[in-house]
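Trainee: I would like to learn how to read a model of this kind, feature by feature. Where should we begin?

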Amino acid sequence: LLTYEFKSLASYNERGYIDDAFKNALEFISWRRDILTEPVEIYLSGVEILENSYRFLFDYMVEEKHVFFNYELEDSLPINHAIIIEANEKRVLSASWIFKEFEVASSGKQYNVSFIDNQDRLHAAYREEIIGTAYKIAYEVRRDSDNQELQPSWVVKSQSGAYYAVPLEKQ
């Protein structure tokens, strides 16, 4: 995990134009992009407008499959995105980036992608009714899954912004 925080005695409290802040975020990524190996692609998965800055959320895609991070670090909130950059029109203010290598395995496995079946399994796993605002099939990466083969999961973002995931069942 790479973390960055801009420290300065002078403060700049204007977020400015989003396109300038986004350019700063992209420059931050481009300086470190060569650390990642193929077949990883980075895409913008969300933008949050904060009081004095913007938060850009980026994720990985491996062979057109999303990668979902379910990282819990000590003394911090869960990290659900590969790259989180807070920037304004002048600079990047903070960033966290989970560097991960992925190797594509040709398994030929078939999975159950039925919406109803996976929602039932999600409900059984978490013992609560989860109303989702976004649904996707993605590889789930946990902090303790460094050397495990990634399996596709059913990932749901709830109305509260929390993420829930269950591995897809093999057919």
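Mentor: With the helices. The expected span of a helix is 1.5 Å times one less than its number of residues. Helices (H or I, at least four residues) and strands (E, at least two) are DSSP runs, numbered from the N terminus. This is a predicted model, in which local features need pLDDT of at least 70 and side-chain atom pairs count only at pLDDT 80 or more, while totals for chains, interfaces and linings use all residues. Residues are numbered from 1 along each chain as its sequence is written, and side-chain values use heavy atoms, with hydrogens and water left out.

Trainee: What span should the 15 residues of helix H1 have, and how far apart are its end C-alpha atoms?

Mentor: H1 covers residues 18-32; at 1.5 Å a residue it should span 21 Å, and the 22 Å between its end C-alpha atoms agrees with that.

Trainee: Which residues of H1 are buried?

Mentor: Buried means under 20% relative accessible area, exposed over 50%, and partly exposed in between (1.4 Å probe, protein chains only). In H1 the buried residues are Ala21, Asn24, Ala25, Phe28 and Ile29. They cover an arc of only 135° around the axis, so they lie on the same side of H1; the arc is that of the directions from the helix axis to the C-beta atoms. Asp19 and Trp31, on the other side of H1, are exposed.

Trainee: What do the buried residues of H1 pack against?

Mentor: Contact means heavy atoms within 4.5 Å. The partners are strands E1 (2-5), E2 (40-49), E3 (54-62), E5 (83-87) and E6 (92-97).

Trainee: In what order do the elements of the protein run?

Mentor: There are two helices and nine strands, and from the N terminus on they run β-α-β-β-β-β-β-α-β-β-β.

Trainee: What does the side chain of Asp59 make a polar contact with?

Mentor: A polar contact is a pair of N or O atoms within 3.5 Å; within protein, one must be able to donate a hydrogen and the other to accept it, and residues adjacent in sequence count only if both atoms are side-chain atoms. Asp59 lies in strand E3 and is buried, with a relative accessible area of 2%. Its side chain makes such a contact with the side chain of His81, at 2.8 Å. A polar atom of the Asp59 side chain also lies 3.1 Å from the backbone nitrogen of Ala82. Asp59 and His81 are 22 residues apart in sequence and 5.5 Å apart in space, C-alpha to C-alpha.

Trainee: Is Glu140 buried or exposed?

Mentor: Glu140, in strand E7 (residues 132-142), counts as buried at 11% relative accessibility. A polar contact of 2.8 Å joins its side chain to that of Asn70. Beyond its neighbours within four places in sequence, Glu140 is in contact with residues including Phe68, Leu150 and Ala165.
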